[in-house]
Amino acid sequence: MQHPANDTSTAQWLDQARAAGLRPLRIRGKTLLPIVQGGMGVGVSAAGLSSAVARLGGMGTISSVDLRRRHPDLMAQTAHLDKAPDARARIDQANLVALDREIRDARAASHGQGWIAVNVMKALSAYSAYVKQALQSGVDALVVGAGLPLDLPELAQDHPHVALIPILSDARGVQLLLRKWERKGRLPDAIVIENPRLAGGHLGAAKVADLGDARFDFETVIPQVRELFQQAGYEQDIALIAAGGIDSHADILRLQGLGADGVQLGTAFAVTQECDAPDAFKRILAQAKPQDIVEFVSVAGLPARAVRTPWLDKYLRILPILQERAHPKAKCNLSFDCLQHCGLRDGDAGIGQFCIDQQLGHAMDGDAERGLFFRGAGRLPFGEQIRGVADLVRHLLTPAPTVIPSPA
């Protein structure tokens with residue numbers, strides 16, 4: 001049975017969470033469901049998905065990267081730009097317009113409930129521009145991963161009421177960021193602790209071989225970070241959000257027991273009806289088996305996890321040849337320069353050799369042959385089913401029935 005997203009008030013969703021033994025997530029005095037929808041690009045998590053999560057009282061997240069692909073008028077203005085000397089500037093401007101549209105649409109559709117966040121990758125060339133646009137467009141929170149956002153306090157200094165939320169994977173990174181931010185007079189309002197062994201997309205480890213390192217285990221990281229907070233007197237100031245492999249009420253309860261305040265899910269929200277991606281995209285993620293999921297090094301130089309599609313399978317086979325032939329290019333293939341450092345454009349033979357924006361764009365189109373489909377390693381709550389956001393949240397807030405063993 002499907003349930004419309006607005007069939008229950010946010011107060012009732014919070015009451016359901018408390019009744020199930022879960023603590024609400026509190027950030028900057030705002031009380032939210034302890035469920036955060038992770039940012040997924042290109043165009044996978046935009047206004048539709050983020051507002052659906054926010055309407056239930058959670059945090060919905062728009063991924064900032066290349067949102068012009070969701071707007072036909074902006075694509076018509078920029079898709080042909082490959083030779084123009086001002087191509088990058090025009091594409092960047094179109095993406096800022098698209099980001100503003102998505103934030104405003106999400107805020108209108110969320111009816112003042114929950115929070116709308118924007119996720120920005122530190123590795124993007126337009127990182128600071130995306131951050132500033134999100135702030136100007138009235139976002140509730142900024143979530144930054146794919147690099148240490150040591151400059152985020154300066155970029156957001158004129159917006160003290162916007163929550164700043166970096167994504168990190170180990171206690172060492174948290175300690176470094178706290179030390180740097182303290183000098184700037186601002187603390188993170190929350191930190192996402194992402195387990196690279198389980199999460200999807202770009203991952204917070206130095207290399208693929210490190211993805212399973214025990215230092216990233218929630219049982220290790222969360223208590224270590226809690227101890228850091230206690231020593232610094234920040235126990236009540238910074239929320240912890242665990243991300244990677246979460247699919248049940250029991251997972252949330254266990255993680256809150258370790259010291260997390262909330263959880264973040266990506267792939268489980270990517271396969272909901274309200275997700276902004278096409279159904280073909282959702283089916284590829286939902287139908288992927290464990291043996292279909294592969295780890296590799298992205299063109300951004302970070303380990304990544306995705307579904308093994310025909311394109312990715314071929315790419316991994318010929319990667320040694322591509323790396324042998326790697327050389328700096330005079331310009332970006334798409335005149336976009338989406339990354340500060342790009343293995344293909346910059347001729348960095350040690351990392352990926354493909355155009356990530358192009359492959360993610362194919363995925364957004366539902367192209368099973370040519371797309372790059374990022375996915376987490378964990379199982380999905382409803383298997384291959386495409387269900388509503390409210391169904392997913394209800395599942396996460398509902399304890400599994402106790403199984404009473406039969407008498408011998």
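Which side chains meet in a salt bridge at 2.6 Å, N to O? Select arginine 226 and aspartate 261: their side chains form this contact. The model is predicted, and the tour starts from this pair.

**Stop 1**

Colour helix α8, residues 218–232, to see where arginine 226 sits. Aspartate 261 belongs to the loop between α9 (249–258) and β11 (262–265). Aspartate 261 counts as buried, because its relative accessibility is 17%, and the cut-off for buried is under 20%.

**Stop 2: the second largest pocket**

Colouring the lining by class shows eight charged, five nonpolar and two polar residues.

**Stop 3: strand β11**

Strand β3, residues 35–37, pairs with β11 in the parallel sense over three bridges. Strand β10, residues 239–243, also pairs with β11 in the parallel sense, over three bridges. Centre the view on valine 263: this residue is the bridge partner of isoleucine 35 and also of alanine 242.

**Stop 4: helix α4**

Select helix α4, residues 87–110, and within it arginine 88 and aspartate 92. The two are four residues apart, about one turn of the helix. They form a salt bridge in which the closest N and O atoms are 3.7 Å apart.

**Stop 5: other salt bridges**

Select aspartate 391 and arginine 387, whose side chains meet in a salt bridge at 3.4 Å, N to O. Aspartate 391 is buried, with a relative accessibility of 5%.

Then select Asp66, Arg68, Arg69 and Asp357 together; salt bridges link these residues in a network. Over the whole structure, a search finds 30 salt bridges.

**Stop 6: the cysteines**

Finish with the cysteine sulfurs. How many disulfides does a search of the whole structure find? The count is zero.

Select cysteine 342 and then cysteine 338, which carries the closest cysteine sulfur to that of cysteine 342. The two sulfurs are 6.5 Å apart, so they are too far from each other for a bond; the cut-off for a disulfide is within 2.5 Å. Cysteine 342 counts as buried, at 11% relative accessibility.

Cysteine 355 is likewise in no disulfide. Its nearest cysteine sulfur, 5.8 Å away, is that of cysteine 332. Is cysteine 355 buried or exposed? With a relative accessibility of 12%, cysteine 355 counts as buried.

Technical notes. Residues numbered from 1 in each chain as written. Predicted model: local features only at pLDDT ≥ 70, side-chain atom pairs only at ≥ 80, totals over all residues. Heavy atoms only, no water. Nonpolar A, V, L, I, M, F, W, Y, C, P; charged D, E, K, R; others polar. Buried < 20%, exposed > 50% of the residue type's maximum accessible area, 1.4 Å probe, protein only. Salt bridge = Lys/Arg side-chain N within 4 Å of Asp/Glu carboxyl O. Pairing = 2+ DSSP bridges.
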